[in-house]
Amino acid sequence: MKYLTTSSCLKTLSAFVLILVLHFSVSAQNIQEKLISGKFQKTSLQEFFNTIEKDYNIRFYYRTEWIKTYVVNQEFKEMPLIQVLNLLFERQSLTFRFFQNNSVVIFQKGVDGRPTTGSDEPEILVIGDPLNEGRYNSAQIKGKVLDGKNSETLAGAVIFHPQTGIGTTTDSRGNFKLDLPTGDHTLQVSFMGYEVLKQKIKLIEDGTVSFELFEESFNLEEVTVMGEDAKASKSQMSMIKVSSRTMKELPVMMGEADVIKSMVMMPGVQSVGEMSSGINVRGGNTDQNLIMMDGAPVFNTSHLFGFFSMINPDAVKDVTLYKGGIPASYGERVSSIMDVQLKEGNTENLKFYGGIGLINSRVTLEGPFVKNKKSTFLIGGRSTYSDWIMRQSQNEQFINSVAHFYDINGTLNFSLGENNNLKLMGYFSNDAFNLNSNSLYTYGNAIGSANWKTNISKTLISNLNLSYSKYDFKLDQKDQNIAEDDYSLITGLQYSSMKYILSWLPNERHRVNAGFQTIGYRVFPGKIVPSTNPSNVIPEKVANEQSLEMGAFIDDDFDLSTNIALNIGVRYARFMNMGPTTVLKYDPNQSINSGSVIDSTVFGAWKTAKMFHGIEPRLSLKFNLQSGGSFRMSYQRIHQYMNQISNTAVISPADFWKSADANIDPLISDQFAVGLFKTPKKGLFETSVEVYYKNLQNLLEYKNGALLVMNHHIEADLINADGYSYGLELFAKKNLGRLNGWVSYTYSRTMRQTNNNFPDEIVNAKKFYPSVYDKPHDISTVLNYQISRRWRFSGNFVLSSGRPVTLPEQKYIFEERQVVYYSDRNKYRMPPYHRLDVSITLDENLRKKRMWKGSWTFSVYNFYGRKNPYSVFYRKEPSIQLQDKTPYAIFKLSVIGVPVPSITYNFKF
Amino acid sequence: MQRRFVYMALILMLFLSCEEYYRPAIDDVSGMLVIESLVTNDPKQNFVKLSVTDNFFDTNTKDTLINANVELLEIGHGIIPAIEESHGYFRFTKTPVPGLSYKLRISCQNDIYESDTVVMPPLPMIDTLYTEFKMEKTFRNDTYGPVTQIDIPVRQIYIDAPITPSLEYYRFNWRAILQWNFSPASAGGVPPPAIYGWLSVLNDGLFNLAGPKQHSVSGKVEKHPIMYLAYDSKRYLWSSEQSGSGWILILEQYGISKASNDFHERLNNQLSAEGSLFEPLLNQVYGNIHCVSDNSKIALGYFAVNSYRQYRYFLNLGYDEKSEMVQRQIFRYPDIPQYGEQAGVVPYFWEN
């Protein structure tokens, strides 16, 4: 006979206990899953418990006085016990807990000791069927994080469970998954620039949920470092990024957001004034900025002579402006590159939105157009009804006037597998303007681009951009008396480009970009066409220009050490002015004019009449400081071969373009910039100081009385000049909080000098004089306040030096008329410019499920009605009572001399 | 409501701009010599005026011109001296001849100024003068009120003139003399004599220039506007008891060179500046006279030798466009003062 040893007895006992425990736990699970059937009509709860006890061998423990008011009126068909009990006690003051494997304890809620995470959120989000409460130990939450205002997904949002330290982030489509124990939890959902959401949840079983976040601050920021897959280099400086949301929040004229004018609120960026098309970056001319939509350049950036931007703000995803440190992949313009990226279209749902204003309206439709939602589209348009408004007027001046525009834009985005993406963009616009005169101005843009991005491998990315841009201008001139003298003047420009960039990321420390670009230009400087038949007008044409520009570039963006990042690049630019053309040679001992021609050469079609080329080094450096922040510097050289010919203070749609040729050298700019950047308090604030110096060679100035239109040899009216600009830019911004905004101050000078020897080519006796874009002081302030979830206020204040102006200094009588002699060019300065704009916006409804969302924006441009002088001129005005009794006087014109209120209704469906 | 909305939108779009008088602080600078010349085949228009510029806001004219001498060089033929009839006013003793070349020389305060060489064009002529009814739209800019548009029925005067290889450009000047009369009321007995008076309307606006139209091959100056006269002569008179008795139009035609035309065009650009948003940057109006003794000194003004012809017409517009209009060329050229009146006797220049 074998005797059991103590150890073996213990083992046996342990196994028995284990079996019992397992049995109990299995039984405990079993008691929850016990299927209950039965029909109970107006049965007291006590009686119900008695029936279950008897039929299912389950004991119920409770206090009679707690349950005496409960009545069961249900039919159960094989329903698990846990669901039965959850159904009975749903929204009741009693709850339950299973005990051992055959009992249920009934007790009042609030004393059960169930763990909670102590959230103070009043609303609890229940995930799962309440009938299954307590049935599972853990569950998975799937869902999305959305922008509460426009329901767009937020990629990279964080969902975090503080109690367990478990967290996850949303993917590029805003989706996430998170596994948690069942029960009550509080989750923290956050995204940069948005209010943190603390959401209390009751997790019962697997479920799907959406979290909505609302903006806490504006996204406008002087961005110097972007995400890992961003195009900007690690050492990038002098770059501004504006999101479409930010742009729309700024109070603007007529309530219509303006992509171009929103940039004017940033340091180093100015404009000549209201009604001016384009911007001036670090003192540069308007034509020194390359403004692109999805890689295709825009040659006329405004509608209605500067009133509205030609870019539909609803179609814009974001805008990036390089003021300096321009990457080697960009060339063509010396002052800045503005890259406007248009939206691809919503990947989830069809969306329809727009705005209705006092003079114009806009609509946009976007969404997926294939079943798998991988390909999307966006189409939008704007138009004015100002013509109809003017025709309703009794004023003859308006009845006979024309002022309207329309534009249409669209994108198609094709996701061709995981590694390929093709984006197509098209834009078309037309303007017509005539204010009770015999001249009708019409002009328009036609722009298109195709962008193909391929991930060749994990370390190799290719980008191919094909773009086309066409600008046409027409003036229909009607003679007051003779119809046979009517004619049309037509000018235009065509641009075609192919650009290829190969990006190689061998490791985390390096990113090498290399590529090439080929650009074809066709310029139509002017053509006169008779309007009637028969006609007294001879058709006339200034010879077209055709040219080819090529660029090859390479740059390497790398970390020299943990604290030093460097970007070294070079671009080789080559420009060829092609035939057919006739090149005149002028006597070098005389001023260029029709009388100093000594020879001419004829070039046939596509023969190179003149070739220019140059190396353009690019360098930028970032040094991280011990105290936090960084020191940066950059250098760039750029050649510009195309210039806009304009001898007015403001660019007009009638101005045309001119390429460098045998008699006009290309513009060359060298810019050097250094800066200090810091983001104190962990990004709550952002501060920067930048200093720059820019040297310019071969600027174009104009001779006295220059005739530009239909000038067959315009070089005879141009003067070669040099110049320089320098400036100090200070910037401080508060990123977060209900109250946020920024202030920027720029001190800058922009000077010009003609260095020629012939009298008609000398301006201001060869002394340096301020450019018309010289504004020494410029302050911009933007303030945003989120009053409540539906109300927000925005205001901006600008103050700048008046722009230089030429004034009459002396007067004399000539043939009984008073004539004036003007001062040196740009000797004087107009009064300072300052303006306050305010706006307040009410969002009608922020509920995600609501189909129609609208908002009202009431804004006042020029709140205190400052009469900012736009131009100063000299004129006879006998009705003005003048102290000195002279019939002539100097006047100043203010384009916007009163507060301009506007109301805009924006909607989204 | 709709109308209010329309006007509000219009105001927002087009009435936002405003213009006001501006008096900036302008530097005081030293004066420059101004040369105004009118040298023609008409002995009464054969002079040079010299003056000095004033600072823009000065109300007192500078008078710093001393010891000036003016002469006209007739290239290949000699020098025509000028006699200083009054301070700064020089008259030539001989009129120029069409086809010959001339140059102006001035010596002033130890400096010598010379003009470019210019050729006198042939004598000008017009083919015809005619009138048409027109409703002239003007804007009254009251000191105390808003800008209002006024429609005035007028008779617009046009001319046609030839364009030839030797003479393409013209400048016109005019003076319209309104004849009026007034019969004073009689207190009893012999009625007092009628009053015959006249006043002049002058061209003090832009220079009236004519020539080949830009881009046009029309071989003549066609339907070129000269000026207009309102039907209602009381617009020019100061008493309701005065009555208009027709107009004498003195039309002066100058044959000018292209350079002179361009110079006056630039003056017109300056005189007509409206502060438009897209006007070219302001430019100096330089003439064709240079300081040969000191390159740094600038002379303002222009020298041209113009051919000249005068036309006179009598015009009686009637009351309105339906009235019969009288137009007759006058072939006598008495001197007519700017304005005046006399009692009982019709002035010697009076036309009926």
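Student: Over how many bridges do strand β49 of chain A and β50(A) pair?
Tutor: This is a predicted model, in which local features need pLDDT of at least 70, side-chain atom pairs count only at pLDDT 80 or more, and totals for chains, interfaces and linings use all residues. Residues are numbered from 1 along each chain as its sequence is written, chains are lettered from A and ligands numbered from 1 in the order in which they are written, and side-chain values use heavy atoms, with hydrogens and water left out. Strands (E, at least two residues) and helices (H or I, at least four) are DSSP runs numbered from the N terminus, and two strands pair if DSSP finds at least two bridges between them. Strand β49 covers residues 808-814 of chain A, and its antiparallel pairing with β50(A) runs over 6 bridges.

Student: Which residue in β50(A) stands opposite A:Ile813?
Tutor: Strands of a sheet pair through backbone hydrogen bonds, either parallel or antiparallel. Here β49 and β50 of chain A pair in the antiparallel sense. The residue opposite A:Ile813 is A:Gln818.

Student: Which strands are the edge strands of this sheet?
Tutor: The sheet is open and has 3 strands, in the order β50(A)-β49(A)-β4(B), with antiparallel pairing. An edge strand here pairs on one side only. The edge strands are β50 (817-822) of chain A and β4 (54-55) of chain B.

Student: At about what angle to β50(A) does helix α2 of chain B run?
Tutor: Helix α2 of chain B spans residues 258-271 and lies across β49 and β50 of chain A. Axes are lines fitted to C-alpha atoms, for helices over the stretch in contact (heavy atoms within 4.5 Å). Angles run from 0 to 180 degrees between N-to-C directions. For α2 of chain B and β50(A), the angle is about 90 degrees.

Student: What percentage of the residues in chain A is buried?
Tutor: The secondary structure of chain A comes to 9 helices and 56 strands. Buried means under 20% relative accessible area, exposed over 50%, and partly exposed in between, with a 1.4 Å probe and protein chains only. Of the 909 residues in chain A, the buried share is 55%.

Student: Which residues have the most contacts inside the largest nonpolar core?
Tutor: A nonpolar core is a set of buried Ala, Val, Leu, Ile, Met, Phe, Trp, Tyr and Cys residues joined through side-chain atoms within 4.5 Å. The largest one has 41 residues, and the elements that give two or more residues to this core include β14 (239-243), α6 (259-262) and β17 (289-293) of chain A. A second, separate core of 36 residues includes A:Met830, B:Tyr89, B:Tyr254 and B:Leu300. In the largest core, the residues with the most contacts are A:Met263, A:Met293, A:Ile311, A:Val316, A:Met338, A:Val340 and A:Ile447.

Student: What is the omega of the peptide bond from A:Asn533 to A:Pro534?
Tutor: A:Pro534 is in the loop between β31 (510-530) and β32 (540-542) of chain A. The bond from A:Asn533 to A:Pro534 is cis, with omega near 5 degrees.

Student: What is the phi of A:Ser238?
Tutor: A:Ser238 sits in the loop between β13 (207-213) and β14 of chain A. With 0% relative accessibility, A:Ser238 counts as buried. Although A:Ser238 is not a glycine, its phi is positive, at about 55 degrees.

Student: Why is the pair of A:Phe89 and A:Phe96 called tilted?
Tutor: Rings of Phe, Tyr and Trp (its six-membered ring) pair if their centres lie within 6.5 Å; planes under 30 degrees apart count as stacked, over 60 as edge-to-face and the rest as tilted. By this rule the count comes to 44 aromatic pairs over all chains. The rings of A:Phe89 and A:Phe96 have centres 6.2 Å apart and planes at 35 degrees, so the pair is tilted.

Student: How many residues apart in sequence are the parts tied together by B:Trp180 and B:Trp238?
Tutor: The ring centres of B:Trp180 and B:Trp238 are 5.5 Å apart and their planes are at 80 degrees, so the pair is edge-to-face. B:Trp180 is buried at 3% relative accessible area, whereas B:Trp238 is exposed at 60%. B:Trp180 lies in strand β13 (residues 169-182) of chain B and B:Trp238 in the loop between β16 (220-230) and β17 (243-256) of chain B, so the parts tied together are 58 residues apart.
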